[in-house]
Amino acid sequence: MRYVKVSQGSAYIPKLLGIYERELVTQVEALIARAPRLVVDLGAGEGYYAVGLACRLPQTRVVAFEMEAVGRQALHDMAALNGVSERVDIRGKCEAADLAATLGDETDAVVVCDVEGYEEKLLDPVAVPALKRVPILVELHDFIIPQITEVLSERFGGTHHITHIWQEPRARADFPWRSLGTSLLPGRYLDWSVSEWRPVRMAWFWMEPLQSDAAGS
């Protein structure tokens, strides 16, 4: 994936190094293996997931919601850089009604969500019934909305199998390449390059609909 020169609301260098949110590799690959017809990205930023998934899933349509204008412009530019503009539908702020309308009757969709606590409003299966039948990968923001982890667990515990994923520590050993040049860098430079600058230890839910398990059996 070719990358733009900015990152919207998240660490930039780890994305270029290919190690950003490395805890989610298994879940993202599981998402890709599903080859869904639709991916809905809530809080898409400059398009790390929206454009990346469009590149990995050439038959999939991606709807990317990003409320910040600078993020939407970067997302537009990165979709163009990677030749996926026709399949990445860029939209502004998402409310529950927008998410319900976007999912509609689609049964082959996946939701990716990183909305700084607004998951409390958006990931509501009462307001958006379609969420009961789709896989969801969501970053949890308990430091913004206390106990949002418990709230989402209660909302989706009856319809989804939930995997709780915790952020792992970062260290200079995570830097993916070694050369004479990198060996001459001060260690603190490598520490800085791999850090994602999280305010607290973060976590995610990967929520897979139970009916998929039933269908598979």
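Helix α3 is largely enclosed by the rest of the structure, because 7 of its 9 residues are buried (buried means under 20% relative accessible area, exposed over 50%, and partly exposed in between, with a 1.4 Å probe and protein chains only). Please keep in mind that this is a predicted model, in which local features need pLDDT of at least 70 and side-chain atom pairs count only at pLDDT 80 or more, while totals for chains, interfaces and linings use all residues. Residues are numbered from 1 along each chain as its sequence is written, and side-chain values use heavy atoms, with hydrogens and water left out. Helices (H or I, at least four residues) and strands (E, at least two) are DSSP runs, numbered from the N terminus.

- The buried residues of α3 are Tyr48, Tyr49, Ala50, Val51, Gly52, Leu53 and Ala54.
- Two packed helices are described by the angle between their axes and the distance between the axes. Here axes are lines fitted to C-alpha atoms, for helices over the stretch in contact, and angles run from 0 to 180 degrees between N-to-C directions.
- α3 (residues 48-56) and α2 have axes that come within 10 Å and cross at roughly 50 degrees. The two helices are therefore oblique to each other (angles under 35 degrees count as roughly parallel, over 145 as roughly antiparallel, 65 to 115 as roughly perpendicular, and the rest as oblique).
- On the α2 side, Val28, Glu29, Leu31 and Ile32 meet Tyr49, Leu53 and Arg56 of α3 (contact means heavy atoms within 4.5 Å).
- With helix α4 (residues 69-81), α3 packs at an angle of about 20 degrees, the axes being 10 Å apart. α3 and α4 are therefore roughly parallel to each other, and α3 passes α4 in a right-handed crossing.
- Tyr48, Ala50 and Val51 are the α3 residues that meet Leu75, Met78 and Ala79 in α4.

**Salt bridges**

- The whole structure holds 15 salt bridges (a side-chain nitrogen of Lys or Arg within 4 Å of a carboxyl oxygen of Asp or Glu).
- One of them joins the side chains of Arg22 and Glu168, at 2.7 Å from N to O. Arg22 lies in the loop between α1 (13-17) and α2 (25-34) and Glu168 in the loop between β6 (160-166) and α8 (180-183), so this pair ties together parts that are 146 residues apart in sequence.
- Both partners are partly exposed: Arg22 has a relative accessible area of 26%, and Glu168 has 37%.
- Asp108 and Arg37 form another salt bridge, with their closest N and O atoms 4.0 Å apart. Asp108 sits in the loop between α5 (96-103) and β4 (109-113) and Arg37 in the loop between α2 and β1 (38-42), so the pair connects parts 71 residues apart in sequence.
- Asp108 is partly exposed at 23% relative accessibility, and Arg37 is partly exposed at 47%.
- Arg198 and Glu139 also meet through their side chains in a salt bridge, at 3.0 Å from N to O. This pair links distant parts of the chain, 59 residues apart: Arg198 is in the loop between α9 (187-194) and β7 (203-209), and Glu139 is in strand β5 (residues 136-140).
- Glu139 is buried, with a relative accessible area of 3%.
- Salt bridges with shared partners join Glu21, Glu23, Glu139, Arg170, Glu196 and Arg198 into one network.

**Cysteines**

- The count of disulfides is 0 (a disulfide is a pair of cysteine sulfur atoms within 2.5 Å).
- The sulfur of Cys94 has its closest cysteine sulfur in Cys113, 8.6 Å away, which is too far for a bond.
- Cys94 is buried at 6% relative accessible area, and Cys113 is buried at 2%.

**Individual residues to look at**

- Glu21, in the loop between α1 and α2, has a positive phi near 50 degrees although this residue is not a glycine. Glu21 counts as buried, at 4% relative accessibility.
- Gln147 also has a positive phi, of about 70 degrees, without being a glycine. Gln147 is placed in the loop between β5 and α7 and counts as exposed, at 55% relative accessibility.
- Thr149 belongs to helix α7 (residues 148-156) and is buried at 12% relative accessibility. Leaving aside neighbours within four places in sequence, Thr149 is in contact with Leu140, Asp142, His164 and Phe205.

Conventions:
Left-handed = near helix turned anticlockwise from the far one by under 90°.
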